[in-house]
Amino acid sequence: MDIGMVGLGKMGANMTERLLGNGHRVVAHDRSPEVTARAVEAGAAGADSLENLVEQLSAPRVVWLMIPAGDPVDQTIEALAPLLDEGDVVVDGGNSFYKDTLRRAAALEQDGIHLIDVGTSGGVWGLKEGYSMMVGGADEPVERLRPAIETLAPEPDKGWGHVGASGSGHFVKMVHNGIEYGLMQAYAEGFSIMKHKEEFGLDLHQVAELWRHGSVVRSWLLDLTAEALAEDQTLESIAPYVPDSGEGRWTVFESIDLDVPAPVAALALIQRLRSRDEESYADRLLSAMRNQFGGHAVKRTDES
């Protein structure tokens, strides 16, 4: 099967390698010529432009996008659409907001081009373990993509599913990431409590390892936590700053729109925002209010 892969970041490059290793022909393009060259070294055909990529694909074409959500996806589809023909398929395997996917699918449909949204989970481990893929779109183009999807999945019949119409794949992936936020926050809080119980001198790596086997809280996230703690339990080299890539926010916004309570996802998101407030004006004001109503001591910035 011919696949055009646009975007060769870590996940796109790993997906390209997995496809190549299972007999698919991949035409690769990245805005960085050096990155495209690395894909060629791995066995892909290289393309120095979207035009060149489309020229090298047999019809009906499949162009798989692994690029950042937002404007980059819009810009790429805008440049790509005039090059494609009726019946061609564009796959968005990134973390696009599902409402953007609905808009893009409707626009491409006017030219007879299919947009398939593939919410993809697996990160840097996907090359070895396979990717969990949540697929949204019309039946026929999804079925056409089956050989590639089965190759990228952990097993042909496991770890992927056609979950519904256009937008549903990205919607399910959005909720997946909202759940992920909550799980990560729970682990982080639990290990923080144990770290602060200094009188026991707990070996946090040991605890993570023993929880990995037979425990109710065992998971892949715990496996990764154990690996991180094996390298450095103090984590002193890591700044206490936690980014978010958007899906957690979208999950919380959707819960509000649907009147569905999601306090764990919401609080996990708020904690990430809190980690970035180096100045914390709110905490300064809280201290000032305590001083005003109760005469409580205020710790000044010049105090050690």
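Predicted model: local features only at pLDDT ≥ 70, side-chain atom pairs only at ≥ 80, totals over all residues.
**Helices H9 and H10**

- H9 covers residues 204-211 and H10 covers residues 220-231; their axes come within 9 Å and cross at roughly 155°.
- Since angles over 145 degrees count as roughly antiparallel, that crossing makes H9 roughly antiparallel to H10.
- The handedness of this crossing is left-handed.
- On the H9 side, the contact is made by Leu204, His205, Ala208, Glu209 and Trp211.
- H10 brings Leu222, Ala226, Leu229 and Ala230 to the contact.
- Sort the residues of this H9 and H10 contact by class and you get seven nonpolar, one polar and one charged.

**Helices H8 and H11**

- Next up are H8 (residues 168-196) and H11 (residues 247-257), whose axes come within 8 Å and cross at roughly 100°.
- Angles of 65 to 115 degrees count as roughly perpendicular, so H8 is roughly perpendicular to H11.
- Look along H8 for Phe171, Met174, Val175, Asn177, Gly178 and Tyr181, which meet residues of H11.
- Their partners in H11 are Glu247, Gly248, Trp250, Thr251 and Glu254.
- This contact between H8 and H11 divides into five nonpolar, four polar and two charged residues.

**The second largest pocket**

- Rolling a probe the size of a water molecule over the atoms shows where empty space is left.
- The second largest pocket holds about 210 Å³ of space.
- To find this pocket in the structure, look for its lining residues: Asp283, Arg284, Ser287, Ala288, Asn291, Val298, Lys299, Arg300 and Thr301.
- By class, that lining has two nonpolar, three polar and four charged residues.

- Most residues other than glycine have a negative phi, and most peptide bonds are trans.
- Going from Ala59 to Pro60, though, the peptide bond is cis, with omega near -10°.
- You'll find Pro60 in the loop between helix H3 (50-55) and strand S4 (62-65).
- Leu235 isn't a glycine, yet it has a positive phi of about 55°.
- Leu235 sits in the loop between H10 and H11, two helices you've already met: H10 in the contact with H9 and H11 in the contact with H8.

Definitions and conventions. Residues numbered from 1 in each chain as written. Heavy atoms only, no water. Axes fitted to C-alpha atoms, helices over the stretch in contact; angles between N-to-C directions. Helix = DSSP H or I, 4+ residues; strand = E, 2+ residues; numbered from the N terminus. Parallel < 35°, antiparallel > 145°, perpendicular 65-115°, else oblique. Left-handed = near helix turned anticlockwise from the far one by under 90°. Contact = heavy atoms within 4.5 Å. Nonpolar A, V, L, I, M, F, W, Y, C, P; charged D, E, K, R; others polar. 1 Å grid on protein atoms, 1.4 Å probe; cavity = no way out; pocket = protein on both sides within 12 Å on 5 of 7 lines; lining within 4 Å. Points joined across faces, edges and corners; volume = space filled by probe spheres on them.
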